Amino acid sequence: MKTKSTLIALTVCLSVSACGVATTANSHLGNLDQTSQKMLDELKSSREQLEVATRQSERIADALVALKDLGFDLVKMLQSTFAPKPSGQTDNIDDVLNQTQEVPRE
Amino acid sequence: MNKTLLLSWLLPLSILATDARAVEIAEHHCVDARVNAVHTLFTRYSDYATMPGSAYTVGLAGAKIDLIKMIKSQAKKVSETGRDSKNLVWVVLQPALVEDSKVYPRFLLDCSVAWSDLTSFKQNCALQKEKQHYGLDDLTIAIDVKEQDSSCKHHETGIRLRINITGNNKEIAEIKKATLAPAGVLAPLISALFDEDAFFRNYFRNIYDEWIKTL
């Protein structure tokens with residue numbers, strides 16, 4: 001009986017230890033999984049940005065070629081067109097906070 | 001093909017609205033700065049409009065042009081408990097060439113900072129949908145800053161940045177139309193620069209990159 005109860009006690013003890021190890025291992029795996037997911041998210045975001053930038057660059061290049069073929073002095077034209085413009089009047093934060101409801105949008 | 005014809009059919013196509021889908025920016029930076037310096041930088045709400053990066057500038061054919069710039073950033077403190085804080089921040093952007101403020105992107109952000117311990121904090125900002133906004137339907141900014149970031153070198157502070165932007169299709173088309181109106185023969189070029197998906201993504205990515213460079 002003593003041997004049997006000792007064996008039972010040992011088995012329980014080992015099971016608990018094993019559970020403890022398993023729980024720790026699971027926790028580490030969970031952390032690794034979270035880290036991997038974060039890395040995947042960042043990679044996906046970078047890839048999307050690259051796709052948008054590539055598409056945009058191609059369109060800009062096409063437009064620049066068309067303008068150059070027409071003989072425009074692009075630098076002068078860009079500098080003149082994009083000279084700073086005065087800004088129109090906009091609400092201040094107090095105006096926005098005091099608005100009881102959002103200004104209706106179409 | 002006749003080049004005048006080429007430009008003339010490009011122009012109307014360029015102002016058709018496309019679906020502005022939600023975009024996400026996810027970045028991780030390691031900086032040689034203490035966590036308090038990062039906190040000071042990201043919470044200088046009233047200075048946002050005057051800090052580097054407030055204008056999104058591109059170099060094109062030898063000219064530097066501001067495509068869009070922040071012209072207003074006003075803050076009101078809501079609460080402060082120890083080092084934690086909550087502020088409302090009103091932001092107004094002016095697109096290039098546009099003087100009519102009706103089409104200026106603008107939004108009110110609710111920004112909260114919560115410190116986990118002395119060396120790490122989180123900043124979360126969210127667009128207040130019940131208040132005036134234009135150009136965006138939603139915007140969330142989540143920043144996680146840790147002085148002992150295991151992904152960085154020992155002396156560096158880690159900054160994890162996640163920005164989610166949902167543009168408003170109709171309003172972005174109106175902004176683009178207002179920008180193209182005075183552009184003349186440059187309209188196709190400006191149309192190419194104003195990619196709807198990239199419009200806000202480029203702006204927010206650039207501003208945070210420029211801010212982080214100052215650390």
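Chain B carries five helices and eight strands, where helices (H or I, at least four residues) and strands (E, at least two) are DSSP runs numbered from the N terminus. The model is a predicted one, so local features need pLDDT of at least 70 and side-chain atom pairs count only at pLDDT 80 or more, while totals for chains, interfaces and linings use all residues. Residues are numbered from 1 along each chain as its sequence is written, chains are lettered from A and ligands numbered from 1 in the order in which they are written, and side-chain values use heavy atoms, with hydrogens and water left out.

Read from the N terminus, the elements of chain B go α-β-α-β-β-β-β-β-β-β-α-α-α. Of its 215 residues, 54% are buried; buried means under 20% relative accessible area, exposed means over 50%, and partly exposed lies in between (1.4 Å probe, protein chains only). Take the contacts (heavy atoms within 4.5 Å) between residues at least 6 apart in sequence: 61% of them in chain B join residues at least 24 apart.

Now for the inside. The largest nonpolar core has 78 residues; such a core is a set of buried Ala, Val, Leu, Ile, Met, Phe, Trp, Tyr and Cys residues joined through side-chain atoms within 4.5 Å. B:Phe42 and B:Leu139 touch the most other members of this core. Helix H5 of chain B (residues 196-213) supplies its largest share, eight residues. Beyond its neighbours within four places in sequence, B:Phe42 has contacts that include B:Tyr48, B:Gln123, B:Ile143, B:Tyr208 and B:Trp211.

Then there are the disulfides (cysteine sulfur atoms within 2.5 Å), of which the whole structure holds two over all chains. One is formed by B:Cys30 and B:Cys152, with the sulfur atoms 2.0 Å apart. The torsion about this S-S bond is about -80°, so the B:Cys30 and B:Cys152 disulfide is left-handed. It ties together distant parts of the chain, 122 residues apart: B:Cys30 sits in strand E1 (residues 22-31) and B:Cys152 in the loop between strands E7 (136-146) and E8 (157-167). B:Cys30 is partly exposed at 32% relative accessible area, whereas B:Cys152 is buried at 12%.

B:Cys111 and B:Cys125 make a disulfide too, S to S 2.1 Å. Here the angle about the S-S bond is 120°, and the link of B:Cys111 and B:Cys125 is right-handed. B:Cys111 belongs to strand E5 (residues 106-117) and B:Cys125 to strand E6 (residues 120-127), 14 residues apart. B:Cys111 is buried, at 1% relative accessible area, and B:Cys125 is buried at 4%. Counting bonded cysteines along chain B, the pattern is 1-4, 2-3.
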